[in-house]
Amino acid sequence: MFFERPDAGETAVLVHVDFQDEQEREDPGEFLELVRSAGAEPATLLTGSRHRPDSRTFVGSGKVEELREAMVVHDAELVIFNHALSPSQERNLERELKCRVLDRTGLILDIFAQRARTHEGKLQVELAQLEYMSTRLVRGWTHLERQKGGIGLRGPGETQLETDRRLLRARIKSIHKRLDRVRSQRSQNRRARSRAEIPSVSLVGYTNAGKSTLFNALTEAEVYAADQLFATLDPTLRRLEVVDVGPVVLADTVGFIRHLPHKLVEAFRATLQEAAEASLLVHVIDAADPDRDLNVTQVETVLDEIGALDVPMLKVMNKIDLLDSAPRIERDGEGCPEVVWLSAREGRGLELLGQALSECLAEDVIDVQLTLTPEQGRLRAGLHELGAVREEAFDDRGHILLEVRLPRRDFLQLMARLGERPDDYLPRELQERPVWEG
């Protein structure tokens with residue numbers, strides 16, 4: 001920590017307030033999951049309702065007294081609010097309660113700090129924490145808000161608070177520079193995949209919807225998956241083979257949450273860019289969650305904020321084992337896959353997801369009958385090598401009749417390698433279709 005604060009304990013008194021405005025309401029059940037995910041032990045949950053937050057302590061004097069009594073009864077050392085508090089509200093509450101007070105944003109930041117594993121993830125979390133703390137420095141340094149004095153302590157006329165703010169700004173600037181290099185590297189990697197025409201698929205969804213479990217089931221990876229919020233923080237990329245498409249880059253991303261702090265969205269923009277520039281988004285939804293429609297709306301809000309809402313999307317209704325439902329594919333009016341119902345934990349319906357991915361990504365697949373002369377044996381061999389030949393026959397003149405199906409990019413690469421003109425082999429309607437772009 002950069003400044004002194006009351007010591008945080010594990011036992012916490014929780015506070016949840018209902019407001020009339022639906023947009024301001026939070027879910028108390030999700031709040032409990034967040035607290036447990038952070039490693040705290042909920043002692044009790046105090047609830048109330050207000051028209052608007054109290055400007056000084058958020059909850060008013062009566063609730064503050066109730067909080068003080070609950071702290072004594074449960075021997076708690078920490079109070080956590082299921083709401084965003086202003087720096088002055090936190091400061092006033094800590095002064096009244098003589099304990100550490102944490103708001104919803106600080107709680108989520110703490111979970112992120114515990115989950116970050118990669119260098120990039122740690123940088124992103126630190127940036128979000130520093131920007132969050134910068135508005136709260138005065139609380140921790142009030143006893144030092146004076147100029148240093150005494151032998152060996154006479155400074156350049158700065159107060160301790162000014163010095164600390166300057167150091168904080170320098171650190172934030174340094175992290176921004178390092179994250180810019182990370183963004184540049186990620187951008188280069190995406191351009192390389194685009195040049196190789198490798199499609200990318202990003203798993204997105206509300207936290208704890210089962211993205212990592214599905215990711216592991218599809219790729220046989222060993223990404224950490226647990227029944228807790230924000231189990232996955234750092235993005236993971238794996239190669240996946242899709243029928244009629246070939247290799248695909250599958251990305252597992254951080255889960256979204258209701259009222260995700262804006263500072264986190266900003267800090268994790270480099271990570272979330274994988275979703276914004278994907279060829280296809282797979283929106284994983286907890287089908288058994290009673291608030292699933294609201295969660296879908298929250299995910300789409302964040303996707304809109306990072307500019308990813310226009311990316312083609314396939315919805316996956318996960319956890320059908322909790323609904324006693326059967327795997328199936330729902331299609332739109334044109335017959336295209338729209339929703340896949342499956343259970344990632346039990347592995348039911350994964351083949352349907354593979355089929356849906358193939359249909360969504362393999363829109364530019366060549367399915368045609370070719371007639372080759374015996375002199376075109378190299379082309380025949382190349383098509384066999386790609387596994388594109390479905391049926392083969394010979395006519396009475398010795399010509400080779402081939403039924404082939406393969407991605408257009410593979411066909412064009414084969415033509416280039418053999419020095420052939422693709423238009424000499426494709427019907428006019430296939431010649432006019434543009435080359436697939438990743």
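Let me begin with a term: a residue is called buried if its relative accessible area is under 20%, exposed if that area is over 50%, and partly exposed in between, using a 1.4 Å probe and protein chains only. What we have here is a predicted model, in which local features need pLDDT of at least 70 and side-chain atom pairs count only at pLDDT 80 or more, while totals for chains, interfaces and linings use all residues. Residues are numbered from 1 along each chain as its sequence is written, and side-chain values use heavy atoms, with hydrogens and water left out.

With that term, F58 is buried, because its relative accessible area is 4%. The rings of F58 and F81 have centres 5.9 Å apart and planes at 85 degrees, so this pair is edge-to-face; rings of Phe, Tyr and Trp (its six-membered ring) pair if their centres lie within 6.5 Å, and planes under 30 degrees apart count as stacked, over 60 as edge-to-face and the rest as tilted. This pair links distant parts of the chain, since F58 is in the loop between β2 and α2 and F81 is in strand β3 (residues 78–81), 23 residues apart. Helices (H or I, at least four residues) and strands (E, at least two) are DSSP runs, numbered from the N terminus. F81 is buried as well, with a relative accessible area of 0%.

How many aromatic pairs does a search of the whole structure find? The search finds two. F19 and F58 form an edge-to-face pair, 5.8 Å centre to centre with 85 degrees between the planes. F19 is buried, at 6% relative accessible area, and F19, F58 and F81 form one aromatic cluster.
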